[in-house]
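Here's a quick tour of a protein chain, starting with the overall picture and then zooming in on a few spots. Have the viewer open as you read.

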Amino acid sequence: MCSRPIRITTAEQTIRISVGCHDAGKSSSSLDLVSNCGDADADTSSTHWETGKHPCNTTMSSDSSESRNAGMFSSFLRIPLLLLLLYGFVCSLDVLSSAFQLAGGKVAGDIFQDSVILTNPVAGLMVGILVTVLVQSSSTSTSIIVSLVSSGLLEVKSAVPIIMGSNIGTSVTNTIVALMQAGERNEFKRAFAGATIHDCFNWLSVLVLLPLEVFSGLLSFLARVTVSSFQMHSGEEAPELLKTLTEPFTTLIIQLDKSVITGIALGDESMRNHSLIKVWCKSSVLVSSVNVTHTAVRNCSELHCGKHGDLTWITQNITTHINTEKCRHVFVDSGLSDLAVGLILLAGSLMLLCSCLLFIVKVLNSLLKGQVAKVIEGVINTDFPYPLGWLSGYLAMLMGAGMTFIIQSSSVFTSALTPLIGIGVISLNRAYPLTLGSNIGTTTTAILAALASPKEKLPAACQIALCHFYFNIFGILLWYPFPPTRLPIRMASALGERTAKYRWFAVLYLLLCFLLLPCLVFGLSLAGWQAMVGVGAPFAALTLFVLLVNLMQARSPAHLPKTLRSWDFLPQWMHSLKPLDKLISRSTALCCSPLRIRDPELLVEPADPQKPSGQGYENPTLSVPEEIPAEPRVFRLRGLERCNSTPL
């Protein structure tokens, strides 16, 4: 016969006693108590009725040890895969820059041609943004500016706004990289906030420093004084470690002749018919002597001169450049136009970029989990103990500057930070000083590159590089030392939240800030100061009014009229993105659920009211889990599980 199981529950533990099934001929019964092994508070002196052995046996320990060793070996194998993916990611960024230069490089040269327009500081700012977005390389736009200044077509003071625009335009790369993480909402929110923190810093710095430079010439004055104070001589350019690693691969795909863009910007019309695709990589110089005959009578006092009747002949040396070796890349003999090759490379580089970034995030998520993630997160995001906590951000700046100096590219460094911010390993508060340090690092490499310029271009190149350096230094002094002034963090957090609700907002932001707005302002600047002031002044006043009302609505709504205490009196499309979201969702025929169309906010996680604002986003795998009450210990009797006993 079978006895029924009995479960005894006390305040500390639960005991389940089951009397085993036995035949009629057997009078013995088997009792077995099995407790959970993981409870550190368990009484290890309990009586074990079946075997007398501890339930946490050595077999389980050996199995867990083997699984742990296998996990460590698997993690070790993922590291070379991660390095390979990072190499492909960096190479895709290089090819992406080449694609943009092929597609819009000559247009960028044309934009630089009208030096009269560039004397307008607002137009110069927009030109710097547009050109850097078109060529996807701040170093290329900076080299064009140096050539314009050294040739006398542009003054250093007029070049400073273009440098500011170049600083804004170079941040478009990591914003594009953030779009590749749009598949997962929370990762996209963090990544987009981390990418746009660079944009917010640059735009805020320009809003303050551009008027200051226009009215006082502070940056150009400091750069001129610095250059005159030091006896600068031409030297060798700093070695570029990153290009040394990537060029063996990227040069097999495409090679460009960047002097064509500079020639078009300087007004050389013969460069307009040249292709940016480099065909010949090696050439030799051949000097030949030719006798030139003149019919006019000349005094032949030179060494290589003679007369023959009424004719005078002179020996002249003619220098000829002979191409000897073709370049070796995919498009050397393709016969395609620059635009066609640029579009092909653009599509291919974006596919490679998206694939590498997707796999990088997957590998990082598999590597950085559990205790490993907590250790890395603690090392990167933890501040020094009081009272030295303020030094942590400046140390992060030094790290960002050093890494950017080594790889010689701020775009690559900030783009590599973006997926780490997306998965939550680096918080937004820590990413901010790293980005600011990257800005400083790229200016130091620009200074070293300027020192390697020819003698006639050395003063102009050094002044331009120093203006860039002082712009970032003053920007850091404005928006970092005191926590209340760190507006870029709060602005980027708001953009991340908005993008989490409406993913199409990221594309709208990209088009508006880096293409539509610069084109509109540039067009107004071409129409003259009157048109620009007539349109810009009301827009600026309206923007200031909206910001002031929003601030008072949040802080002291009682001081506002009842109508202005909320924006509900306006049509919905004027104070909410929901109507536009419905329109975009329906017009693009996206796979949206009815819930998403009715109210996209319902799919967004509510903000934690206890979480301080501006603190960034944490990876759920890194956060400390809530305390889960331990399950009661269960003692059960083996041998009765297969019995068909009648329950109570």
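Two residues are in contact when they have heavy atoms within 4.5 Å of each other. Keep in mind that this is a predicted model. Among contacts between residues at least 6 apart in sequence, 75% join residues at least 24 apart. The chain has 22 helices and 6 strands. Of its 648 residues, 40% are buried. Its accessible surface comes to about 35,800 Å², and carbon and sulfur atoms account for 64% of that.

Now for the inside. The largest nonpolar core has 78 residues, and Phe 112 and Met 164 have the most contacts within it. H16 supplies the largest share of this core, with 10 residues. There's also a second, separate core of 26 residues, with Val 90, Val 361, Ile 423 and Val 425 among them. As background, nonpolar side chains in soluble globular proteins tend to be buried together. Back to Met 164: leaving aside neighbours within four places in sequence, this residue touches Leu 125, Val 206, Leu 209, Leu 210, Glu 213, Leu 219 and Phe 471.

Next, a helix pair. The axes of H4 (residues 138-150) and H5 (residues 156-169) come within 10 Å and cross at roughly 175 degrees. Angles over 145 degrees count as roughly antiparallel, so H4 is roughly antiparallel to H5. On the H4 side, the contact is made by Ser 138, Ser 141, Thr 142, Ile 145 and Val 149, while H5 brings Val 156, Ala 159, Ile 162, Ile 163 and Ser 166. Sorted by class, that's 6 nonpolar, 4 polar and no charged residues.

| Residue | Loop between | Relative accessibility |
|---|---|---|
| Gln 181 | H6 (172-179) and H7 (185-216) | 4% |
| Lys 457 | H15 (428-451) and H16 (458-479) | 28% |

Buried means under 20% relative accessible area, so Gln 181, at 4%, is buried. Lys 457, at 28%, counts as partly exposed. Which residues does Gln 181 contact, leaving aside neighbours within four places in sequence? They are Glu 187, Phe 188, Ala 191, Leu 357, Val 361, Thr 418, Pro 419 and Gly 422. One of these, Val 361, also belongs to the second core.

Conventions. Residues are numbered from 1 along each chain as its sequence is written. This is a predicted model: local features need pLDDT of at least 70, side-chain atom pairs count only at pLDDT 80 or more; totals for chains, interfaces and linings use all residues. Side-chain values use heavy atoms; hydrogens and water are left out. Helices (H or I, at least four residues) and strands (E, at least two) are DSSP runs, numbered from the N terminus. Buried means under 20% relative accessible area, exposed over 50%, partly exposed in between (1.4 Å probe, protein chains only). Accessible areas come from the Shrake-Rupley method with a 1.4 Å probe; for residues, only the protein chains shown count as cover. A nonpolar core is a set of buried Ala, Val, Leu, Ile, Met, Phe, Trp, Tyr and Cys residues joined through side-chain atoms within 4.5 Å. Axes are lines fitted to C-alpha atoms, for helices over the stretch in contact, and angles run from 0 to 180 degrees between N-to-C directions. Angles under 35 degrees count as roughly parallel, over 145 as roughly antiparallel, 65 to 115 as roughly perpendicular and the rest as oblique. Ala, Val, Leu, Ile, Met, Phe, Trp, Tyr, Cys and Pro count as nonpolar, Asp, Glu, Lys and Arg as charged, and the others, Gly among them, as polar.
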